[in-house]
Amino acid sequence: MGNKMPSLEEELFPSTPGKFKIERTHYMNRQFYRCFASSSTMFLWTLFLIALTASYISFHSFVDSGSRYLTASWGGIQWEKQIRVSAEIHRDGGMSVLVTGAAGFVGSHVSLALKRRGDGVVGLDNFNDYYDPSLKKARKALLTTNGVFIVEGDVNDAKLLANLFDVVSFSHVMHLAAQAGVRYAMENPHSYVHSNIAGLVTLMEACKSANPQPSIVWASSSSVYGLNENVPFSESDRTDQPASLYAATKKAGEEITHTYNHIYGLSITGLRFFTVYGPWGRPDMAYFSFTRNILQGKPITVYRGKNRVDLARDFTYIDDIVKGCIGSLDTSGNSTGSGGKKRGPAPFRIFNLGNTSPVTVPTLVSILERHLKVKAKRNILDMPGNGDVPFTHANISSARRELGYKPTTDLQTGLKKFVKWYLSYYGYNHGGAIN
């Protein structure tokens, strides 16, 4: 029987080092050769194992990333297919529109109107909890039924936006995603900067880099008029005295979009909405909360201005706002940049979208009482210094001329439609009792 070949470890580091002795030269040469041969073999095996391990890790990384691609909240083959199908145009001369804030009040109505006339529509919404997300989910379900796919994501997600523009060459963007509400800004100011400024810039960056560049219509606000006392409010009036952080972020948005228009050739239209109301509305709005509290027998707070003057608003029905939004898309003109560089001047427009008939808040309450057949318990208080303004009144001559905008729904008619929706959605019978 031959002697057992010592392992490399045994040869270099014997278990009994004290017995290791230097013998004849030829013996040492033989040992060195064996060591070298064994080392070479081990080195080759080590290289092989390293290569095998690297291949294994690389393969699993590929599989893992592919798995994440297929199972992420956005991304993947099925997701891209849904985007493309939703963005398909079904009319001559139609447009493909990315609607941000699509599960919101105005966004859901605009998306539905565009889809019904044959335009391609893809929605984007982060479904935040500023108000009850279940209402947003219900709007989403309505849109899904009508063939509009909504991506759940944030306008601050640059990778998501880039992916969307890679999948579809949107001709237009309807940017309605925003942190809304005047009073909430005192509780959570950073959310307004995050959504209304940072989110807007992220979207503008995506649009200026897209090829082709889309035309953009976005929601500013009548709040930008702030402490302006000229009546009615005109687009040429000064807007450098905002009365709330919300107003300030919207004013900043107007300046930011002008910059992107000037530098990158983006076609941009800003819309100053005046107190939008109607079915599927926002629960934080006065007409909505008044309706809820009146039906529940709870008191409502009605504020008044200086010298006990009633507050007044230019209440604008949602269907009229939708007409203004679509008119803006249809007349937007083209962006002129490519590769992130401006090739020529592009349209930059700002319009008021209002009703031109301000109504006092006490009158609003009286109309709701009539439609609900329930008397309100009113608490009359002086308006606190929380950013609200005493009145709004829109001059819409520019929108009439350029967009063909013509509001047709008065507050009496609009609130009747809202109440009918509210009673149905929340399960009340017409007498005010819940089913």
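Which strands does helix H3 (residues 77-86) lie across? Helix H3 lies across strand E2 (120-125) and strand E3, running at about 135° to E3. Helices (H or I, at least four residues) and strands (E, at least two) are DSSP runs numbered from the N terminus. Axes are lines fitted to C-alpha atoms, for helices over the stretch in contact, and angles run from 0 to 180 degrees between N-to-C directions.

**Before selecting further**

This is a predicted model, in which local features need pLDDT of at least 70 and side-chain atom pairs count only at pLDDT 80 or more, while totals for chains, interfaces and linings use all residues. Residues are numbered from 1 along each chain as its sequence is written, and side-chain values use heavy atoms, with hydrogens and water left out.

Colour the chain by pLDDT, the predictor's confidence in each residue, from 0 to 100. The mean for the protein chain is 86, and 81% of its residues reach 70 or more. Over residues 1-37 pLDDT stays under 50, and the model has 11 contacts beyond four places in sequence for this stretch; a contact means heavy atoms within 4.5 Å. Residues 53-72 also stay under 50, with seven such contacts.

**The sheet**

Select next the seven strands that form an open sheet in the order E3-E2-E1-E4-E5-E6-E11, with parallel pairing. Two strands pair if DSSP finds at least two bridges between them. Strand E3 (149-152) and E11 are the edge strands, each pairing on one side only. On average, neighbouring strands of this sheet are turned by 20° against each other, direction ignored.

Within the sheet, select strand E1 (residues 96-100) and strand E4 (residues 172-175), which run parallel and are joined by four bridges. Val97 has His172 as its bridge partner in E4.

**Gly354**

Finally, select Gly354, in the loop between strand E11 (348-353) and strand E12 (359-360). Gly354 has a relative accessible area of 0% and is therefore buried, a term meaning under 20% relative accessible area (1.4 Å probe, protein chains only). Leaving aside neighbours within four places in sequence, Gly354 is in contact with Phe274, Asp314, Thr316, Ala394, Ile396, Tyr405 and Pro407.

Key. Buried means under 20% relative accessible area, exposed over 50%, partly exposed in between (1.4 Å probe, protein chains only).
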